[in-house]
Amino acid sequence: MPIDTSLDFVPINIAIITISDSRTTENDTSGDTLEKRIINAGHYMIKRIIIPDDVSIIKNTLEELSLDNEIDCIITTGGTGLTGRDTTPEAIKEIASKHIDGFGELFRQVSFNKIGTSAIQSRAVAALINTTYVFCLPGSTGACKDGWDEILQYQLDIRHKPCNFVEIMPRLNEK
């Protein structure tokens, strides 16, 4: 994917939320994977937290972080499956300002190339909450690698052409 090296890289401020009833700071390999990639790309990791699979907690946390002017983007991992406790997409649906449908579609395409028809079980989603980007990835380390390496590292780089999410950030609050 084309990167215009004549432009300067613009780091953004990113928060990571791991959504899980079983992950801790000691075993959150998906959060570790995202943190490492975010920092290696040159962005700032502003906050990293672990919260339970609870739709009210997910909604409240996302709304609170989306109002923090220091945070440009939130990446979540976990809670996107089909089990009864997987409620991340439901929380997003209730509070999103705008949905970014193409993210889930593209994520499933990337996943299909790696895991075949099992990709159908992914409910990866993305949205704007207030003026903050929110990208919700599955909880597996492989899914976090794929989401970052194949999609987010490009869309969160202002040098990516023909377009990217960073270049339109100043216009997200237009009326």
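Two residues are said to be in contact when heavy atoms of theirs lie within 4.5 Å. With that definition in place, let me present this chain, which is a predicted model. Among contacts between residues at least 6 apart in sequence, 73% join residues at least 24 apart.

The chain holds five helices and six strands. Followed along the sequence, these elements give the pattern β-α-β-α-β-α-β-α-β-β-α. The radius of gyration is 15 Å, close to the 16 Å that the globule rule gives for 175 residues, so the chain is as compact as a globular protein of that length. Taken along the principal axes, the box filled by the C-alpha atoms is roughly 45 × 35 × 30 Å.

Next, the surface and the interior. Of the 175 residues in the chain, 42% are buried. The chain exposes about 8800 Å², and carbon and sulfur atoms supply 50% of that area. As for charge, there are 17 positive and 25 negative charges, and their mean positions are 3 Å apart.

Strand 1 spans residues 13-19. How many of its seven residues are buried? Seven of the seven are, so strand 1 is largely enclosed by the rest of the structure. Asn13, Ala15, Ile17 and Ile19 point one way from this strand, while Ile14, Ile16 and Thr18 point the other way. Residues on both sides of strand 1 are therefore buried, under 20% relative accessible area.

Strand 3, residues 73-77, is mostly covered as well, with five of its five residues buried. Here Cys73, Ile75 and Thr77 point one way, and Ile74 and Thr76 the other.

How are these strands connected to their neighbours? Strand 1 runs parallel to strand 2, residues 44-51, and seven bridges join them. Strand 1 also runs parallel to strand 3, to which five bridges join it. Strand 3 in turn pairs with strand 6, residues 132-137, in the parallel sense over five bridges.

Which residue of strand 2 stands opposite Ala15? It is Lys47. In strand 3, the bridge partner of Ala15 is Ile74. Moving on from Ile74, we find that its bridge partner in strand 6 is Val134.

Ala15 is buried in strand 1, and Ile74 is buried in strand 3.

Conventions. Residues numbered from 1 in each chain as written. Predicted model: local features only at pLDDT ≥ 70, side-chain atom pairs only at ≥ 80, totals over all residues. Heavy atoms only, no water. Buried < 20%, exposed > 50% of the residue type's maximum accessible area, 1.4 Å probe, protein only. Helix = DSSP H or I, 4+ residues; strand = E, 2+ residues; numbered from the N terminus. Pairing = 2+ DSSP bridges. Rg over C-alpha atoms; globule rule 2.2 N^0.38 Å. Areas by Shrake-Rupley, 256 points an atom, 1.4 Å probe, with all protein chains shown as cover. Lys, Arg positive; Asp, Glu negative; His and termini not counted. Charge placed at Lys NZ, Arg CZ, Asp CG, Glu CD.
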